[in-house]
Amino acid sequence: MLKKININDLKQSATKLIGKDWMLVTAGNTESCNTMTASWGGLGELWNRPVAFIFVRPTRYTYEFIERENFFTLSFFEEKHRKTLQLCGTISGRKSDKIAESGLTPVASDNGSVFFQEAKLVLECKKLYFADLNPENFLDQNIEKHYPHKDYHRVYVAEIVNTYAK
Ligand SMILES: Cc1cc2nc3c(=O)[nH]c(=O)nc-3n(C[C@H](O)[C@H](O)[C@H](O)COP(=O)(O)O)c2cc1C
């Protein structure tokens, strides 16, 4: 059972949470939503608010849902769910109902966004800003190798409006 906590009481570093443990980025409502695994992004402070920033390639099906909605959620899991995160990071929701396949239980927040009951930590985020990465601004030429298909990420900065933890 998840209970509401204060974002400032998070015990784990964002680098470990996002980069090593991975997360599910989910957008939409319980009738129509999609989720994908992400390991790039961060947590911080901007415009005097606690924020999350995530990087989403416009080719992802989840991108369409993030674009459509005002909110998205970041769900973090215990290690036993690693296979589920691998599944959600390799299959596209365009091709199969991967949420059903994952066995995860979608739950609606008060704001109508969707997160997963099995998560150990959920950040509910309200979009504040987006920007598309411009390769002309890459200051290290090694970055370009991440974009053989030129599908440069869109970065979303979003206010963390609710935090739930086990
Ligand atoms: C560990 C891991 C991390 C990933 N991180 C990101 C990410 O930060 N941004 C992104 O756009 N895709 C990322 N992906 C790829 C998407 O999760 C993957 O393409 C997924 O199938 C997209 O699903 P969708 O088309 O249903 O949205 C990652 C995949 C894995 C396995």
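This is a predicted model: local features need pLDDT of at least 70, side-chain atom pairs count only at pLDDT 80 or more; totals for chains, interfaces and linings use all residues.

Biologist: What makes S32 buried or exposed?

Modeller: You count the other C-beta atoms within 10 Å, and 12 or fewer means exposed. S32 has 10, so it counts as exposed. As for distances, the C-alpha atoms of S32 and F53 are separated by 23 Å, with the two residues 21 apart along the chain.

Biologist: Which label does W22 get, and why?

Modeller: W22 has 19 C-beta neighbours inside 10 Å. Buried would take 20 or more, and exposed would take 12 or fewer, so a value in between is called partly exposed. That is why W22 counts as partly exposed. W22 sits in the loop between α1 (14-21) and β2 (23-28). Its phi is positive, about 75°, although W22 is not a glycine.

Biologist: How do you know which strands pair with β9?

Modeller: At least two bridges are needed to call two strands paired. Strand β6 (residues 71-76) and strand β9 (residues 121-132) have six bridges, in the antiparallel sense, so they pair. Here L74 stands opposite L123 in β9. β9 also pairs in the antiparallel sense with strand β10 (residues 154-165), over eleven bridges. In that pair F130 stands opposite Y156 in β10.

Biologist: What is in the largest nonpolar core?

Modeller: The largest nonpolar core has 36 residues, and V25 and A52 have the most contacts inside it. β5 gives the most to this core, with five residues.

Biologist: What does A52 touch?

Modeller: Leaving out residues up to four places away in sequence, A52 touches G41, L43, L74, L123, C125, A158 and I160. Two of those are the L74 and L123 that stand opposite each other.

Biologist: Why does the size of the protein chain agree with a compact globule?

Modeller: For 166 residues, a compact globule would have a radius of gyration near 15 Å, and the protein chain has 15 Å, so the two agree. Its C-alpha trace spans about 45 × 40 × 30 Å along the principal axes. Of the 166 residues, 31% count as buried. Among contacts with a separation of 6 or more, 70% come from residues 24 or more positions apart.

Biologist: How many helices and strands does the protein chain have?

Modeller: Four helices and ten strands. From the N terminus on, the order is β-α-β-β-β-β-α-β-α-α-β-β-β-β.

Biologist: Last one, the ligand. Which residues come nearest?

Modeller: Y61, T62, G89, S92 and G93, out of the 20 residues around the ligand. The elements giving two or more residues to that shell are β3 (33-38), β5 (49-56) and α2 (61-68). β3 gives the most, with four residues.

Biologist: How many residues of the shell are nonpolar, polar and charged?

Modeller: Eight are nonpolar, nine polar and three charged.

How values were computed
Residues are numbered from 1 along each chain as its sequence is written. A residue is near a molecule or strand if its C-beta atom, placed from the backbone, lies within 6 Å of it. Ala, Val, Leu, Ile, Met, Phe, Trp, Tyr, Cys and Pro count as nonpolar, Asp, Glu, Lys and Arg as charged, and the others, Gly among them, as polar. The radius of gyration is taken over C-alpha atoms; the globule rule is 2.2 Å times the number of residues to the power 0.38. Two residues are in contact if their C-beta atoms, placed from the backbone, lie within 7 Å. A nonpolar core is a set of buried Ala, Val, Leu, Ile, Met, Phe, Trp, Tyr and Cys residues joined through C-beta atoms within 7 Å.
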